[in-house]
Structures are given as C-alpha cells and as structure tokens.
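Welcome! Here is a short tour for anyone meeting this structure for the first time. Take a look at the sequence and the model, and then read on.

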Amino acid sequence: MSVVDRFLRYVQIDTTSREGVDRVPSTEGQWDLARLLADELRTLGATNIRLSEHCMLQALLPANVDYDVPCVGLIAHLDTSPAVSGANVRPVVHRNYQGGDIVLPGDPTQVLSPARTPILETMIGDDIITSDGTTLLGSDDKAGIAAIMELVARLQADPAIPHGPIAVAFTADEEVGGGIDCFDIDAFGASFAYTVDGETLGEINDETWHARGATVTFTGVSAHPGKARGALVNPAYAMAHFLTLLPPGLRAEHTDGREGFVHPHAGSFDAERATVSLLLRDFTVDGLDLKERALRECAQAAAAAVPGTTVAIDVQEQYRNMREVLDAHPRIVAWALNAARRAGLEARTAPIRGGTDGARLTFRGLPCPNIFTGGHNFHSTTEFNSRRGLEKTTETLVHLVQVIAAAHAPGAASRPDSAVSAPR
Ligand SMILES: [Zn+2]
C-alpha cells in the first residue's frame with residue numbers, strides 16, 4: 001500500500017466537525033476514522049494504543065536504538081472543516097499534470113487554475129489529487145494522517161531505520177477549536193512534537209500570531225426620535241466614525257506576509273449602545289501594542305467627535321506567538337528543516353497567519369512546530385494535494401526520526417549534523 005492509497009481511503013470517511021457543539025468530538029464520523037486508524041496501528045505493531053472518550057487516538061512506537069533519545073510526537077487531526085461538505089468525498093487523481101486548468105468532474109464550475117493557484121505551475125508531471133468538485137478533499141488533515149501512518153508502516157517494514165521512541169496522535173475537532181484542550185499531554189509521553197498540518201512542501205511553521213481581541217462600546221443617550229432634538233445622542237454614529245478612523249493600511253484585506261492587522265468582525269447597536277468586536281494580530285508584541293494604541297486613539301477620537309457619547313475599550317489576550325517558546329528550543333525546528341532538506345526539498349521557516357493546535361500545545365509545555373503536507377486551498381472545493389506532496393511529506397518524516405536519533409547518538413556532539421541551526 002502506498003501513502004497515496006492510504007490517503008484516498010481516509011478522505012472517503014466523512015469526519016466533518018461541527019461548530020457550536022459542546023462536546024468533543026462534535027460529530028460521530030470522527031470515531032469511524034479513529035477506530036480504523038487504531039486497528040491499522042495495531043496491525044503495524046504500534047503499542048500502548050489508546051482512544052480516549054474524546055476521540056483522541058494516541059499510540060507509541062518503541063525505540064529501536066540502544067541509546068537514549070527523547071520521545072518525538074507526531075500529530076495530525078481527524079476532522080475536516082465544516083465550511084464545505086466533507087460527506088461522500090470522491091477523490092480524483094489527475095495523472096501526469098501538464099499545466100492549464102483542471103475542471104472538476106462533479107461540478108464543472110469548480111476549476112483549479114494556475115492563474116489563481118500559481119503553485120500548480122511547479123507541479124508539472126505530478127499526479128494532482130482533488131475532490132470531484134462537490135465537496136472538499138480533506139487533505140487538511142488526512143494528508144498528515146496518511147504520512148504519519150505510512151511512516152509507521154515503513155519503520156515496521158524496515159527495522160534498519162534507526163529511531164528513538166515515537167508517539168503518534170490523531171486528534172478530534174481541530175477545525176472548530178477546543179478539541180486540543182482534551183488532549184492528554186502527559187499520557188502522550190512526547191518531549192516535543194510536530195503537527196503535520198501545513199501546506200507548501202519544505203515550509204516549517206514556527207510562528208503564529210500574537211493575538212488580542214478588542215471590544216469597543218460607545219454609549220449614547222436614548223430618546224424618542226420624535227423628541228430627539230437636543231436630547232438624543234445616537235452611539236451608532238460614533239461607532240461608524242470609529243471604523244472610518246482606523247488606518248486603511250491596517251485592514252486585514254490590505255495585509256499579508258508578516259504584516260499584522262486590526263479587523264472588525266462583529267458588532268451591534270441599539271438606541272443606547274453600539275458595540276464592535278475587533279481582532280488585533282501581529283507577529284511581534286511591539287507591533288501588536290502599536291495596533292492597540294491606534295485602536296484606542298481612534299475610539300477616543302470617535303467618541304469626542306460625537307458629543308455626549310462615552311467609550312469603553314476592553315482588550316483581552318487571545319493567544320501568543322509560539323516562537324516565543326520555540327526560540328528557546330532551536331534544535332526542534334532545525335531537525336525538521338534538516339529532514340526536509342534530506343528529502344530533497346527547499347526547506348525554510350514561515351509564519352502562519354493564524355493559530356494552531358501546536359501553538360496551544362507549545363504553551364502547555366509541549367513545543368510543537370508545524371510541518372507541511374503538500375496540500376493547498378484548504379476548506380474549499382478546490383482543495384488539492386499530489387502524489388509528490390504526500391510522498392515528500394512521508395519521506396521528510398522518515399528522515400526526521402533518523403535525524404533526531406542521530407543527534408542523540410553517542411558522540412553526536414562532535415558531528416556536524418547536531419550543530420545545525422535554523423536559518424532566520
Ligand atoms: Zn488542518
């Protein structure tokens with residue numbers, strides 16, 4: 001069985017998670033995949049296989065070397081995004097891609113095009129894997145699952161590949177948040193871990209946002225509109241003015257790369273109060289502080305511009321950039337870069353413009369950068385991966401466990417590999 005075969009099997013199991021369900025897992029389908037993977041892990045010789053009441057599957061591959069190597073964790077998530085249907089996924093393999101548009105057969109209005117997705121131009125000759133266009137593909141994150149399972153199979157098939165202890169985990173409800181809070185880090189037993197849930201081949205994510213949420217509330221004075229002159233102070237105008245005062249350059253839709261933003265995403269008003277909720281995002285604390293200051297100044301100015309209104313500003317931390325922690329453990333990212341290079345990829349670090357389960361684990365004491373999967377266009381009907389994407393991700397994991405073992409082998413300190421550091 002190849003990693004592609006595994007992938008094609010896993011994506012056909014509907015594991016769509018659901019928003020607004022107050023239990024984990026939010027859907028039954030995640031159990032189907034978890035049980036299947038538990039059986040496969042058993043067949044492949046994994047030990048200590050545990051499926052928790054929250055559908056968190058953990059297992060262990062014992063070391064096959066006789067020196068001490070810390071236990072590495074490898075993590076992928078079972079569920080797919082509820083943004084697009086994940087029921088009855090029919091994967092399509094477009095063999096030997098020769099460039100140009102790929103029309104998805106189940107819905108010809110769904111077209112994968114190099115004009116919108118330039119990375120396709122680098123994939124000539126590869127086998128592109130899509131859905132039929134009526135569902136998402138589920139590469140996010142069944143590509144990660146397939147690569148980890150294929151690693152387990154290869155290690156079983158070839159005992160000559162030296163490795164330390166490896167903890168694997170498949171987790172529920174990543175896409176709807178909260179699932180990872182049910183993850184038992186102590187039982188997992190890893191000293192550090194990697195989520196296998198990224199995108200472009202070679203890209204290791206060692207950064208997430210520093211994230212804060214702001215609620216800005218303008219309070220006015222309510223009065224009957226028929227007797228409003230000199231009495232009514234309508235807070236809606238202060239809110240509207242506030243939004244126009246925010247510098248356009250800070251809008252999410254005007255930023256990418258390492259630029260942060262201030263993003264109003266919800267709001268409401270009535271006769272007395274107008275409230276708007278905003279996301280503040282930046283990769284540095286200083287940058288985030290600047291954005292918060294700008295927000296506070298604009299809110300005060302807007303209240304001053306509508307006499308009679310007052311403003312209350314509440315800012316809460318949401319999560320922090322995992323690089324804060326990972327910078328203290330540079331070898332963890334360096335090992336992943338080294339493994340990607342050994343798989344023939346151009347390895348580099350890149351920030352994620354969002355939060356990850358790995359970031360939450362990192363701040364709970366399990367440092368956890370994110371490894372690519374080769375997948376793209378997540379959460380959409382044009383989601384895709386490829387044969388090479390899946391194979392290179394697997395190859396990287398096979399190198400990774402060896403790189404980590406080699407770094408702890410007797411005498412490793414004198415070998416150049418152990419001194420490798422992550423380029424910034
Ligand atoms: Zn994912």
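Is the site of the zinc ion tetrahedral, square planar or irregular? With angles of 54 to 146° among its four donor atoms, the site is irregular. Please keep in mind that this is a predicted model.

**The zinc site**
- The protein donors of the zinc ion are His 77, through NE2, together with Asp 140 and Asp 197, through OD atoms.
- Along the chain, the donors follow the spacing H-x62-D-x56-D.

**The two domains**
- Domain 1 is made of two stretches, 3–207 and 322–419, while domain 2 covers 210–319.
- The centres of domain 1 and domain 2, taken over C-alpha atoms, are 39 Å apart.
- Eight residues from domain 1 and ten residues from domain 2 take part in the contact.

**Where the domains meet**
- About 630 Å² is buried between domain 1 and domain 2, and carbon and sulfur atoms give 48% of that area.
- On the domain 1 side, Glu 207, Pro 351 and Arg 353 supply 68% of the area buried against domain 2, more than any other three residues.
- One salt bridge is found across the interface.
- Glu 207 also forms a salt bridge with Arg 258, with the closest N and O atoms 2.9 Å apart.
- Six residue pairs are in polar contact between the two domains.
- The side of domain 1 that touches domain 2 has two nonpolar, two polar and four charged residues.

Notes:
Residues are numbered from 1 along each chain as its sequence is written. This is a predicted model: local features need pLDDT of at least 70, side-chain atom pairs count only at pLDDT 80 or more; totals for chains, interfaces and linings use all residues. Side-chain values use heavy atoms; hydrogens and water are left out. Domain bounds come from an automatic or database domain assignment. Contact means heavy atoms within 4.5 Å. Buried area is the accessible area (1.4 Å probe) that two parts lose on being put together, summed over both. A salt bridge is a side-chain nitrogen of Lys or Arg within 4 Å of a carboxyl oxygen of Asp or Glu. A polar contact is a pair of N or O atoms within 3.5 Å; within protein, one must be able to donate a hydrogen and the other to accept it, and residues adjacent in sequence count only if both atoms are side-chain atoms. Ala, Val, Leu, Ile, Met, Phe, Trp, Tyr, Cys and Pro count as nonpolar, Asp, Glu, Lys and Arg as charged, and the others, Gly among them, as polar. Donors are N, O and S atoms within 2.8 Å of the metal (3.2 Å for Na, K and Ca); water is not among the atoms, so sites may look incomplete. Four donors count as tetrahedral if all angles lie between 85 and 135 degrees; four count as square planar and six as octahedral if opposite donors are over 155 degrees apart and all others between 65 and 115; anything else is irregular.
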